[in-house]
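Me: I am new to this structure. Please take a close look at a single part of it and at what surrounds that part.

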Amino acid sequence: MMVALQHFGLHLRPPSSLPLTINYCPESVSSSPCRITRRKTIFFSASLLTLSLNLSPNSPTPLLSAGAQELDEQEETTLIRLFEETSPSVVFIEVLQLSNNSNNSKDISLADRSDVKVEGTGSGFLWDNFGHIVTNYHVVAKLATDTSGLQYCKVTLGDGQGNKISTEAKIIGFDPTYDLAVLKFDYQGNDLKPALLGTSRDLRVGQNCFAIGNPYGYENTLTTGVVSGLGREIPSPNGQAIRGAIQTDAAINAGNSGGPLIDSYGHVIGVNTATFTRKGSGMSSGVNFAIPVDTVLRTVPSLIVYGTPYSNRY
């Protein structure tokens with residue numbers, strides 16, 4: 001039977017079936033008959049009984065041992081705790097545009113205006129307790145290049161007490177070369193929870209990673225995966241190459257851009273920024289990329305202080 005991967009023009013033939021051989025005796029003692037003590041016999045019989053129960057066609061669902069169930073529950077509890085502790089650091093970003101004949105008064109809440117059009121959405125994460133937010137440049141590119149004064153940015157996040165904050169944020173620095181930007185909103189004593197920053201220099205292919213963001217406007221969405229590759233090269237918004245990108249199969253879709261890629265300890269290891277999509281569908285192919293956090297750590301402080309990347313100051 002042929003299995004076709006049409007999107008890549010590949011045709012793969014499954015390997016032919018191989019005979020299954022079960023060796024109950026180690027090869028090192030193959031010259032002597034196998035000996036199973038009574039204790040081993042009892043254990044072996046119990047194992048066969050468990051296997052027969054698990055594979056019984058009359059059983060509605062596979063049975064798991066108590067140990068396996070406990071491990072699954074522990075893993076699930078750990079993942080829930082990881083999300084609960086890190087999601088307050090994730091920000092929902094909306095780029096808004098006022099109509100040409102609107103009143104541009106900043107005293108009017110953006111949430112209460114009927115003349116606001118949503119130009120785009122994305123994600124970001126809290127950098128510090130002063131209201132700085134890190135995101136992708138392409139998320140706020142219209143805001144960064146706006147000359148009409150009609151572009152605004154609204155951010156929504158939670159504080160340490162679980163309260164939701166929605167307010168205007170301003171762009172204070174950006175670097176298209178690395179697809180990074182920094183926003184800032186007025187800090188009024190809210191109990192903010194900045195993201196914990198990790199490192200990307202010691203990542204290994206196969207380790208678990210998690211993306212939190214707002215795909216298609218669905219706030220605080222968690223996706224899971226592994227580090228699929230390291231040292232990738234992806235294009236930046238200004239056409240230059242971003243080197244050292246992290247490849248992951250954790251789902252990244254429209255609206256995830258700018259959100260954090262975190263490790264199993266809740267530390268940010270990258271900024272989710274791009275994905276390959278299936279041609280004509282717009283759907284993620286599972287090949288996704290994040291800017292390594294070590295690059296972010298080198299770039300963001302200059303953006304906060306000077307508004308431009310270090311290389312552009314001279």
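Reply: Buried residues have under 20% relative accessible area, exposed residues over 50%, and partly exposed residues lie in between (1.4 Å probe, protein chains only). The model is predicted, so local features need pLDDT of at least 70 and side-chain atom pairs count only at pLDDT 80 or more, while totals for chains, interfaces and linings use all residues. Residues are numbered from 1 along each chain as its sequence is written, and side-chain values use heavy atoms, with hydrogens and water left out.

Helices (H or I, at least four residues) and strands (E, at least two) are DSSP runs, numbered from the N terminus. Just after the helix, Gly307 has a positive phi of about 85 degrees.

Buried residues in helix 4 are Val293, Asp294, Thr295, Val296, Thr299, Val300, Ser302 and Leu303. An α-helix has 3.6 residues a turn, so residues three or four places apart point the same way.

Next comes the core. A nonpolar core is a set of buried Ala, Val, Leu, Ile, Met, Phe, Trp, Tyr and Cys residues joined through side-chain atoms within 4.5 Å. The largest one has 18 residues, and Phe125 and Val296 have the most contacts inside it. Two or more of its residues come from each of strand 9 (180-184), strand 11 (208-213), strand 15 (267-277) and helix 4. Helix 4 gives the largest share, four residues. Domain 1 (84-100 + 115-185) and domain 2 (207-312) each supply at least three residues to this core; the domain bounds come from an automatic or database domain assignment.

Contact means heavy atoms within 4.5 Å. Not counting residues up to four places away in sequence, Val296 touches Trp127, Val134, Leu180, Val271, Ile291 and Pro301. There is also a second, separate core of 17 residues, which includes Ile93, Leu143, Cys153 and Ile165.

Leaving aside neighbours within four places in sequence, Asn136 is in contact with Asp179, Leu180, Ala181, Ser257, Gly258, Val271, Asn272, Thr273 and Ile291. Asn136 lies in the loop between strand 5 (132-135) and helix 3 (141-144), and its relative accessibility is 0%, so it counts as buried. Its side chain reaches the backbone nitrogen of Gly258 at 2.8 Å. This is a polar contact, a pair of N or O atoms within 3.5 Å; within protein, one must be able to donate a hydrogen and the other to accept it, and residues adjacent in sequence count only if both atoms are side-chain atoms.

Asp179, one of the partners of Asn136, sits in the loop between strand 8 (170-175) and strand 9. Asp179 is buried, at 4% relative accessible area, and its phi is near 55 degrees, a positive value in a residue other than glycine. Asn220, in the loop between strand 11 and strand 12 (221-235), also has a positive phi, near 50 degrees, but at 36% relative accessibility Asn220 counts as partly exposed.
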